[in-house]
Amino acid sequence: MTEVNDEIRRLVRDMAETMYDAPGIGLAATQVDVHKQVIVMDLSEDKSQLQVFINPKILSKCGTQDYEEGCLSVPGIYDVVTRAESITVEALNERGEKFTLEADGLLAVCIQHEIDHLLGKVFVEYLSGLKQSRIKNKLKKRQRERA
Ligand code: K1U
Ligand code: ZN
């Protein structure tokens, strides 16, 4: 469990900056090599609605939806993943207050994607073995070209 203190609030600020700079709509602490249970997200058009989830826990899931996902940890790779359509999530905000949120659509997709990051899982792991090996080859080719 991550305790909400000034160090975590600084981490939240740094993560939000990294997410906005990328640009992305979400970021998990594990993506910046910090092993704390912290997620930031902003799905608004004008990037004015930062959402912070500390120690997020999915309480319930309902239905399924397909969404073409991207990932800042696997740049340039996009594919469709099937996830729950709606979820109820419990977390702490940056002030350490507990809240419960019912989310659906992209917000639900993004929360599930980011919680997977906290568990060490990347969206490509939901794809077929064939797609995963094509992605690995693409990433290896990219690395060779950059070397
Ligand atoms: O966690 C991450 O890797 C960030 C990822 C979040 C995400 C995107 C789509 C579906 C599920 C989760 C991204 O933000 S990828 C970039 C992206 O989607 C985007 C970037 C700029 C404008 C709009 C979207
Ligand atoms: Zn990601």
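This dialogue walks through a predicted model, feature by feature.

Reader: What are the ground rules?

Author: In this predicted model, local features need pLDDT of at least 70 and side-chain atom pairs count only at pLDDT 80 or more, while totals for chains, interfaces and linings use all residues. Residues are numbered from 1 along each chain as its sequence is written, chains are lettered from A and ligands numbered from 1 in the order in which they are written, and side-chain values use heavy atoms, without hydrogens and water.

Reader: In what order do the five strands form the sheet?

Author: Strands of a sheet pair through backbone hydrogen bonds, either parallel or antiparallel. Here the order is β1-β2-β3-β6-β7, an open sheet with antiparallel pairing. Strands are DSSP runs (E, at least two residues) and helices likewise (H or I, at least four), numbered from the N terminus. Two strands pair if DSSP finds at least two bridges between them. The edge strands, β1 (26-28) and β7 (98-104), each pair on one side only. From one strand to the next, the twist averages 40°.

Reader: Which helices pack on the sheet?

Author: Contact means heavy atoms within 4.5 Å. Axes are lines fitted to C-alpha atoms, for helices over the stretch in contact; angles run from 0 to 180 degrees between N-to-C directions. Helix α1 (residues 6-21) touches β1, β2 (38-41) and β3 (51-62), and its direction makes about 40° with that of β2. Helix α2 (residues 105-118) touches β1, β2, β3, β6 and β7, at about 120° to the direction of β7.

Reader: How many bridges join β6 and β7?

Author: Seven, in the antiparallel sense; β6 covers residues 86-92. Ala 91 has Phe 99 as its bridge partner, and Ser 86 has Asp 104.

Reader: Which side chains have an N or O atom by an oxygen atom of ligand 1?

Author: A side-chain N or O atom of Gln 31 is 3.0 Å from a ligand oxygen. For Glu 114 the distance is 2.6 Å.

Note on methods. Polar contact = N/O pair within 3.5 Å; in protein donor to acceptor, adjacent residues only side chain to side chain.
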